[in-house]
Amino acid sequence: MKKAIVSVVVGVTLGVAATAASAGTLDDVKAKGFIQCGVNPGLPGFSNPDDKGNWTGIDVDVCRAVAAAVFGDTTKVKFTPLSAKERFTALQTGEIDMLSRNSTWTMSRDTSLGLNFTGITYYDGQGFMVRKSLGVTSALELSGASVCTQTGTTTELNIADFFRSNNMPYEIVAFEKNDEVVQAYDAGRCDVHSTDASGLHAERLKLTNPGDHVILPEIISKEPLGPVVRQGDDGWFNVVKWTLFAMVNAEELGVTSKNVDEMKASENPEIKRLLGTEGAFGEGIALGNDWAYNIVKMVGNYGEIFDANVGPDTPLGISRGLNALWKNGGLQYAPPVR
Amino acid sequence: MAGARTAEEAAKKVAWINDPRIRGLAYQIVLIAIIVLLGYEFIHNAALNLEKQNIASGFGFLKNTSGFAIVQTLIDYSEESSYGRVFFVGLLNTILVAVIGIVLATVIGFVVGIARLSNNWVISRVATVYVELVRNIPLLLQLFFWYFAVLRSLPNPRQSLEISGSVFLNNRGFFLPKPVFGEGAGLIGIALIVAIVATVAIRFWAHRRQDRTGRIFPVFWTGVGLLVGLPLVAFLVAGMPVTLDYSVLKGFNFVGGLRVIPEFVGLVLALSIYTATFIAEIVRAGILAVSHGQTEASYSLGLRPGPTLRLVVIPQAMRVIIPPLTSQYLNLTKNSSLAVAIAYPDLVSVFAGTVLNQTGQAVEVLLITMLVYLGLSLVTSLFMNWYNARMALVER
């Protein structure tokens, strides 16, 4: 009921608030002094608050990187935890300035919601987790299974496509909140828990005995996850887009949060342009020339935030895979700063 | 009389602009115009803004293919059905929960309400503890409690609790054999209809006879006999055309038969147990509102406590009970929208949830959803008002 009320309020706001969310989010953000960033209420590695209310995760770091670029201060960001259902409406109505909440870039979301995806922070794909005791080794053996998942996501549709195309009967049990999905799966309501593979690694940690569960090898969909902003606000779109590019470029050029000060003295023109010692690339996005320096110095390059949040040394233990730089056989590629 | 006439004459004399009737009418027209204008402005503004933000609008999406599955559907539904179909699936699931929840809540509520007034110390205390405990805990928590507590205590499908291989209980639900009606089964239906008509007729006749002669006819037991007996006879005469489709464990889950999903059980339990506490208080208040003199008078006429409660106290208490009871029914219906928390596919979950998210058309979807809840509430109110009018004190 609470959710319904929130949605109604959101709907009414759409009707009344004329163009609260009009052009100029960057100016609005500068004026109010912080960025309101929509994030996942709890997905380890992507966006997760600890017991002191500090948020960690890749998605959260993207918000902080934008704050670093705009204000030179990573604390000038406020987080709004949003359910899968609420996220796009919250952005449409101007409740948040940007959404960084493991959201899949799809055509319909990009074209009919009045939103723009600014890039891809994480190349993901949907997978399945089952109990080891079932003895299942492939997703093609799941005929007749009950699948627990979250409502309002692309996963619901992918599951339908996968089971239908393989002519397998199935049952889908869709919860509003991720925590209930995990609980219901843990309680044995479902044989299968399905979401993005990164999410499965994260949620396996929440189960009573993580070791009793196995993630099946099949990846049944493409899930490019990225930040989202409102359509028709190119200035702000550029800021968020280039924040991400700056992090990837920094990794490619070997600039890290630790060596960024030394790198400022580098003779490499690409590094000089990125860190603002040559040219005036900050002007193009209405920011200072040290915008990218601040991002790398305060948050880190792409590889750093990946390793710190989801990498092999974290509890999630995810290898770079598709998210490696293009030079290393992955898909992460950013246009040059030039 | 004289005063009224002078007032009429006075009204004729005043200018039209000072005529209270014309003035009243004018104010109302202005008010309606303002409301219509506001409504138009609101819709127009919303449409304009949606267009400006490149958000799709209109109701054309209802014809698009949904592409997702739903765990419980009362009508035929597949991933190839339209969003419009999803709406009906969700609506029927909501109505199912509301109706069953209301019936259960009413039964529990009446029993507990009467139990609270019992002279038996243990019974009245147990009822009091139940009411005070349950109505003071938020419904959402109770929903989670019933769902997860029930789910965790049930075995997996391979270790189902079973009764003679036909009824199974496990954490995937409650499985019953489903009757399959073969040729000639129509006769059973006809027999059932005949039995219902006969029961109503007998009740009517018995009432008339009791009014005339004072003799009581056992309508209840005759009715039960007819309703059970006639279809049974028809079943035997037609050559037992009904077979049972049993649930069978196949792969991960049971296949076939009739199935009640755990989400449904959890939701109905939570809703009815929670709402029953309020109904119990309403029933208790209603009974206490009937003067004790009525009970004494009834006893002095020689009626025993049972008939006294049934024939004297309850009918009078009902007049106090029905209006607040209606509110509780409406509450239960609206609270059923919490279903989404435990994955029961009600209207809010599948339509205002999944469909809204797939299409992004928040305004249209929520408008439809709100209209549905408004409609359901109005229908419930109308029915209860009709019932209230029937139960009202009839003066002769």
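**Notebook: disulfides and one sheet of chain A**

I began with the cysteines and found that A:Cys37 and A:Cys63 form a disulfide, with their sulfur atoms 2.0 Å apart. I note here that the model is a predicted one. I then looked up where the two cysteines sit. A:Cys37 is in strand β1 (residues 35-39) of chain A and A:Cys63 is in helix α3 (residues 58-71) of chain A, so the pair links distant parts of the chain, 26 residues apart. The torsion about the S-S bond is -50°, and the link of A:Cys37 and A:Cys63 is left-handed. Are these two cysteines buried or exposed? A:Cys37 has 0% relative accessibility and counts as buried. A:Cys63 also counts as buried, at 0% relative accessibility.

I numbered the bonded cysteines of chain A in sequence order and wrote down the pairing as 1-2, 3-4.

**The sheet around β9(A)**

What is the order of the strands in the open sheet of five strands? The order is β10-β9-β11-β8-β12 (chain A), and the pairing is mixed. At the edges stand β10 (171-175) and β12 (213-215) of chain A; each has a single partner strand, so one side of each is left without a neighbour in the sheet. Neighbouring strands of this sheet are turned by 25° against each other on average, with direction ignored.

I looked up the partners of β9(A) one by one. Five bridges join β9(A) to β10(A), and the two run parallel. I noted two bridge partners in β10(A): A:Glu171 for A:Ser146, and A:Ala174 for A:Thr149. The chain gets from β9(A) to β10(A) through helix α6 (residues 154-165) of chain A, and this β-α-β crossover is right-handed. Two bridges join β9(A) to β11(A), and this pair also runs parallel.

I then checked the cover of β9(A). The strand is mostly covered, with five of its five residues buried. In a regular strand the side chains alternate between the two faces of the sheet. A:Ser146, A:Cys148 and A:Gln150 point one way from β9(A), while A:Val147 and A:Thr149 point the other way, and all are buried.

Helix α8 (residues 197-204) of chain A lies across β8 (126-131), β11 and β12 of chain A, and runs at about 125° to β11(A).

**Confidence**

I checked last how far the model can be read. Chain A averages a pLDDT of 89, and 93% of the residues score at least 70. Over residues 1-21 of chain A the pLDDT stays under 50, and for this stretch the model has 35 contacts beyond four places in sequence. Where pLDDT is low, the predicted coordinates should not be read in detail.

Technical notes:
Residues are numbered from 1 along each chain as its sequence is written. Chains are lettered from A and ligands numbered from 1 in the order in which they are written. This is a predicted model: local features need pLDDT of at least 70, side-chain atom pairs count only at pLDDT 80 or more; totals for chains, interfaces and linings use all residues. Side-chain values use heavy atoms; hydrogens and water are left out. A disulfide is a pair of cysteine sulfur atoms within 2.5 Å. Helices (H or I, at least four residues) and strands (E, at least two) are DSSP runs, numbered from the N terminus. Buried means under 20% relative accessible area, exposed over 50%, partly exposed in between (1.4 Å probe, protein chains only). pLDDT is the predictor's confidence in each residue, from 0 to 100. Contact means heavy atoms within 4.5 Å. Two strands pair if DSSP finds at least two bridges between them. Axes are lines fitted to C-alpha atoms, for helices over the stretch in contact, and angles run from 0 to 180 degrees between N-to-C directions. A crossover is right-handed if, with the strands pointing away from the viewer, the path from the first strand over the helix to the second runs clockwise.
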